[in-house]
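Hello,

Here is the structure I promised to pass on to you. Please have a look at it first; my notes follow below.

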Amino acid sequence: MLKVEERWDLIDRIAKKTVKFGKYRHTLKDAVAELTVKPLTGIPVAIAVLYGFWAFFRAFAGFFTDGFLVKLFDAHWLPWLQEIFPASKDSWLYYIFVGDPLTDNCFEAFGMLTSGLFVAIGVVLPAITAFYLMLILLEDSGYLPRLAVLIDTVLHKIGLHGYAIVPSILSLGCNVPACTACRILETKKQRFIMMTVLAIFIPCGAQLGIMLKVIPDTVGWVLLYLLIGYFILGFILNKIVPGKSPEFILDIPPYQKPMLANVGRKLWMRTSSFFTTAIPFVLLGVIIVNVLYLTGVIGWLATGLSPLLSGWFGVPKETVGPLIAAFLRKDLAVAQLSAIKMTKYQMITSVVLVSIYFPCVATFVMLLKVEGGKGFLGSLAALVVTVFLYGGLLHLIWILLGVA
Amino acid sequence: MRNKFGSVYFSILGLFVLGLGIAELIIGVTGKSFTWGIMEISGEFLLWRGLILFFAGLFYLSSIRNLTEIHQLAKNVIASIMLWIIAGVQIFTIVTESIPGGEEGGWINSWGDFLSSYLPPYIPALILLPFSLVTLYYVYATKK
């Protein structure tokens, strides 16, 4: 055991051997790092980075989904399954597992082994892999904290601070880890606002992937409406929720080259959790919705909710099925919406509704766990009011534009 | 000498980048497309690409005075990075679109179609890409 003086001596000796003293020279890396946090130069760089993120996401997901997996599922898997499935084609078992016997593509079959597997593996898996790969590169290169500093002023308007960008971006991958990431926010008020806006207005990677596949032309509009909603709801919640929103101090690491081994490990960790958490929900979702169709519950609900769906939101009453599926998996719900005949504007409203309507069941559990009973009920109340008002507002916009 | 050459070179490149950025923005707003020789201004995200090129051009132009000074060079570097992001994802998109066989074709594209995917026209950022690589020389020279 060393005495205090001996310890200080040891520290001095180590410092002399390891620390270099002298005037610090500003490097090019430092100067670039400074420019990426200054708004005048940092915002254009952020636009370029986000453009790169999105364009890579589209190209990567398109390569696997449209290039190979659509062909694999439609030309090989579906015909093989239709041929070898033991039950008769008009049996309920066939309807639940294989779906529509007349269809020639997995997207419209709506069986558990056809649409369920295709949505999960054919569409969503490439999308979330691309998303997490880009996110990890941004994290490991040191750009993400800079983005937090850049966006700090904007997020203060909704009672949050720059660090809220972490759960917000994570949420674009999956809402579940994003809810956990909300713990980095200091006050209860901040956590409540963050979790409520992300559960309502941020579509997950799975949903983004399926939106790109189903509504490639209107996905930009849908995202714009969601972004506007994110800030409007955040602003309102900041005004009405009691509590404090303190400033934050962030330690920004220097830029560095991401290590391949780390990127690979993180990517595997995140995408493999998709297999265990998301795929069972997708498959279960298809079964439940198919059973509800078979037993006539969907038809009954569609008739019952028709005044609300057609009158208030301006969408076809058939959207009730996807809305129920949305509680289990939103990506599945968007895929189901694509099979319903509607106008482009009804499709935008429907996809926005599916996005802001109840978060998926996994997020629901997470909200309850992190926020507790009272906070959870508060989020739920905000959610119901938002869906009702925001969905109605969209319908009103279409009426005023003369397209509804 | 190095400073003077860099200033002249990047002021010309900056003007081109800025001009093409403005052209992309105008064509993006009007919703039309434009082809000139091997260059084509059209496609998805045109407005975003135009906006990024516009700012990259401004950063190049603001870096030309005393280019070898570290803070000035940093502006030049971020302008090039912005250009490389657009060009990089475009190259990635071309590669990913060139490999699969298409809806009616086989799993892999035919050799002819594969090669034709790489033929012009190209977007402005892709044409500007080789010219922006001069930045690397300045970064290397500064490190030395």
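**What I found**

Helix H17 (residues 330–337) of chain A is mostly covered, with eight of its eight residues buried. A residue is buried here if 20 or more other C-beta atoms lie within 10 Å of its own, exposed if 12 or fewer, and partly exposed in between, with C-beta atoms placed from the backbone. Helices (H or I, at least four residues) and strands (E, at least two) are DSSP runs, numbered from the N terminus.

Please keep in mind that this is a predicted model, in which local features need pLDDT of at least 70 and side-chain atom pairs count only at pLDDT 80 or more, while totals for chains, interfaces and linings use all residues. Residues are numbered from 1 along each chain as its sequence is written, and chains are lettered from A and ligands numbered from 1 in the order in which they are written.

**Chain A**

Chain A has 19 helices and zero strands. Of its 404 residues, 45% count as buried. Its C-alpha atoms fill a box of roughly 85 × 50 × 45 Å along the principal axes. The average pLDDT (the predictor's confidence in each residue, from 0 to 100) is 85 for chain A, and 99% of the residues score at least 70.

**Where the chains meet**

In chain B, 23 residues are in contact with 20 residues of chain A, contact meaning C-beta atoms, placed from the backbone, within 7 Å. Helices H2 (46–63), H3 (70–98) and H6 (134–143) of chain B each supply at least two residues of that side, and the largest share, 13 residues, comes from H3(B).

B:Ile78 touches A:Val32, A:Leu35, A:Thr41, A:Val45 and B:Phe59, leaving aside residues up to four places away in sequence. B:Ile78 is also one of the residues that touch the most other members of the largest nonpolar core, which has 148 residues. Such a core is a set of buried Ala, Val, Leu, Ile, Met, Phe, Trp, Tyr and Cys residues joined through C-beta atoms within 7 Å.

Best wishes

Notes: Contact = placed C-beta atoms within 7 Å.
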